[in-house]
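Let's go through this chain together and ask what stands behind each label. Each answer sets a value against its cut-off.

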Amino acid sequence: MEFLPILFLFVASIPAILAEDISHGTIVVDGTTTVAQTDDNFICATIDWWPHDKCDYNQCPWHYTSAINLDLSHPYLAKAVQAFNRLRIRVGGSLQDQVLYNVGNLKSPCHPFRKMKDGLFGFSKGCLRMERWDELNHFFSATGVMVTFGLNALHGRHKIKKSLWGGDWDSSNAQDFMKYTISKGYQIDSWEFGNELSGNGVGAHVLADQYGKDLIHLKKIINELYKGSQFRPSLVAPGGFFNRDWFTKLLQVSGSSILDAMSHHMYNLGAGVDPKLVSKILDPNHLSKAAYTFNNLTQIIRRHGPWASAWVGESGGAYNSGGRHVSDTFVNSFWYLDQLGMASKYHTKVYCRQTLIGGNYGLLNATTFVPNPDYYSALLWHRLMGKVVLDVDSDASPFLRSYAHCSKGRAGVTLLVINLSNQTNFILNVQNSINLKLAVNGQNIGRDSFTRSLKKTFSWVGVKASDEDLFREEYHLTPKDGYLQSRTMVLNGMPLELTGTRNIPRLDPVHVNVKSPISISPLSIAFIVFPNLEARACQ
C-alpha cells in the first residue's frame, strides 16, 4: 500500500532532477600567505535611534527597537546576544547627530524625538537620559557586548545652505557625557564621530577640512579623559558614504594617528522598495560592484592614513529600513555573507550590520525578537571564520562564490561557499595550493594545468599523505520548504528555531569523509571546515 505514494513522489521529482545541472569545479585555497586580517570581533550589529513612527513606503517597521525604548529585559534579546560570546554593538544611526545627552551643563531642553516637518529627517532633536544610559550599559555588561557609540557631530553647528552645515563642533555636551560614562566605569571600546555627514551627506554634510579639525579636538579630549586609564577607546569616523576626495582630505587634515578606524556605510542593493531586490542579490555581477568601494577605501588608507583601519560602520543591504519580505528572509543571506567575505578580503576590520533589531533588516524580528535567517548566518561566521583571510581561486561559474579564512579558535581552514545559481549543483574538489607543485605523471606542472587535472582526481589533498580516515565538517544552509523568502533557515535539513526552552538552537555540522567531493545544491550556502588542513598562514 505504501509503494504507490513513494513511486508517485519519485516520478514527480524526475522533472526537477532532470532540470538540475551538475557542474564539476575546483577550489584552490592558498594557505601559505595572509591576504588580510579582520578584528577578532569582526561581526557587529547596530542599535539605532529611530522612533516607532519612523515610516518608509507606508510601512512603519521599527516598532519599539530604539536605543531609547528597546525592551532590554526581553529574554530572547539577551540570549541572542550572549550566543556570540562577545558581540560588538554600534549604537548610532541617522538621528545620532540630533541626540542630546541629559547630563552636565546642557543648556538646551532635552525632550524625546518627535516628528517635525522642518527637522532633520523629519524629526526634532532627541534626548538620552542618563537613567537609560545606565540601563543600556547594564545590559551590555551582562551580555558581554563590546560597545561602539556614535557621538553627535552637529552639536553647535549651524546650517549654511541646503544640506551644508558649518561652524566648529561644540564638544561640551559630548565631553560631559563621556565624563559621566567614565565615572560609572562603563567600558566603551570606541567612540564614533558623526553619521553620514561625509561628501554630500544624506540629510546634512560638513566639509572635510572642518571635520578633520574637529577630530583632532575630539582625540585630545579622549586622551585627556582617559589619561592614566588601562584602556583608551579608539576614535572612529566618519560613518558615512564613501567619497574619495572627502575621505582623502579628512585623513590629510586630521593627520597621523588621530583616526584609529575609517568607517563607511554600504547599501549596495538600493532602495528597500525596489521590486528587483531579489534579482540583485542573486546577480554575481551586481554583488561584485561593491569591490570598487572596498578597494578604493583600502588604497586611500594605505596612501594617506596607514595608521587607520577600515570599518563598515553600517550596512543593511537596502536602505530606508530594508526590503519587506526580503531583508528578513533567507535570500538576504546570499548578500550578507558575500559582503562579509568580500569586506574581509579588502582589509575591513569590523562589519556592522544594520540592525541587531529594528526595521525590516534586523537580525531579530522587531516585535517577536525571534532570530531572522541572517542572525544564524552572522553567528556561524562569528564561530567558524577566524581573523586571518586566505586567498581562494576557482574554475567554477561566477555564480559560485567562495571565501576562506583560518578556522576560529582551532587548527585548519574554513571555506564559505555561496551558490547563486537556481539550477546548478556544484560538485567541488578542494585543493591546498601547497601541493600545486606536486609531481603528476612524473612532471612538475603549473597551477592552471594542475588545477584542471584535479576535477576527477580527489576532493582534498593535505600536506601529508595518510591512510587514516579524515573528516571535514559541513554546514549547509537552505530555506525552509525551498522558499527563498522564507523566514526560517534550515541547517543540514533541520529548521533553525528556538528550542522548547526558548534558547538559541545548536548549530551542529555533519561530518563527511574528507576524500568525498563536496556537493553544493542550487541556491544554497555552505560553511566547510577542514580541521586537518595544514596552512602555514594559520600557525
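Q: What is the pairing of the bonded cysteines, numbered in sequence order?
A: The pairing is 1-6, 2-3, 4-5, 7-8. Bear in mind that this is a predicted model, where local features need pLDDT of at least 70, side-chain atom pairs count only at pLDDT 80 or more, and totals for chains, interfaces and linings use all residues. Residues are numbered from 1 along each chain as its sequence is written, and side-chain values use heavy atoms, with hydrogens and water left out.

Q: What makes cysteine 44 and cysteine 352 a disulfide?
A: Their sulfur atoms lie 2.2 Å apart, and a disulfide is a pair of cysteine sulfur atoms within 2.5 Å, so the pair qualifies. By this rule the count comes to four disulfides.

Q: Why is the disulfide of cysteine 44 and cysteine 352 called right-handed?
A: Because the torsion about its S-S bond is about 85°. Cysteine 44 sits in strand E3 (residues 43-47) and cysteine 352 in strand E16 (residues 348-353), so the link ties together parts that are 308 residues apart in sequence. Strands here are DSSP runs (E, at least two residues), as helices are (H or I, at least four), and both are numbered from the N terminus.

Q: How do you know that cysteine 110 and cysteine 127 are bonded, and which hand does the link have?
A: The sulfur atoms are 2.0 Å apart, and with 100° about the S-S bond the link is right-handed. Cysteine 110 lies in the loop between strand E5 (99-102) and strand E6 (126-129), and cysteine 127 in strand E6, so the tied parts are 17 residues apart in sequence.

Q: Why is cysteine 110 called buried?
A: Its relative accessible area is 9%. Buried means under 20% relative accessible area, exposed over 50%, and partly exposed in between (1.4 Å probe, protein chains only), so cysteine 110 is buried. Cysteine 127, at 8%, is buried too.

Q: What makes the link of cysteine 406 and cysteine 538 left-handed?
A: The torsion about its S-S bond is -85°; the sulfur atoms are 1.9 Å apart. Cysteine 406 lies in strand E18 (residues 400-407) and cysteine 538 in the segment after strand E28 (524-530), so this pair ties together parts that are 132 residues apart in sequence.

Q: Are cysteine 406 and cysteine 538 buried, partly exposed or exposed, and how do you know?
A: Cysteine 406 has 6% relative accessibility, so it counts as buried. Cysteine 538 has 28%, so it is partly exposed.

Q: Why is phenylalanine 241 called partly exposed?
A: Because its relative accessible area is 32%. Phenylalanine 241 is in the loop between strand E11 (234-240) and helix H6 (244-254).

Q: Which residues of helix H2 (residues 75-82) are buried?
A: They are Tyr76, Leu77, Ala78, Ala80 and Val81. These residues pack against helix H3 (130-143) and helix H11 (373-384).

Q: How much of the chain is buried, and how many helices and strands are there?
A: Buried residues make up 58% of the 539 residues. The secondary structure comes to 12 helices and 28 strands.

Key. Contact = heavy atoms within 4.5 Å.
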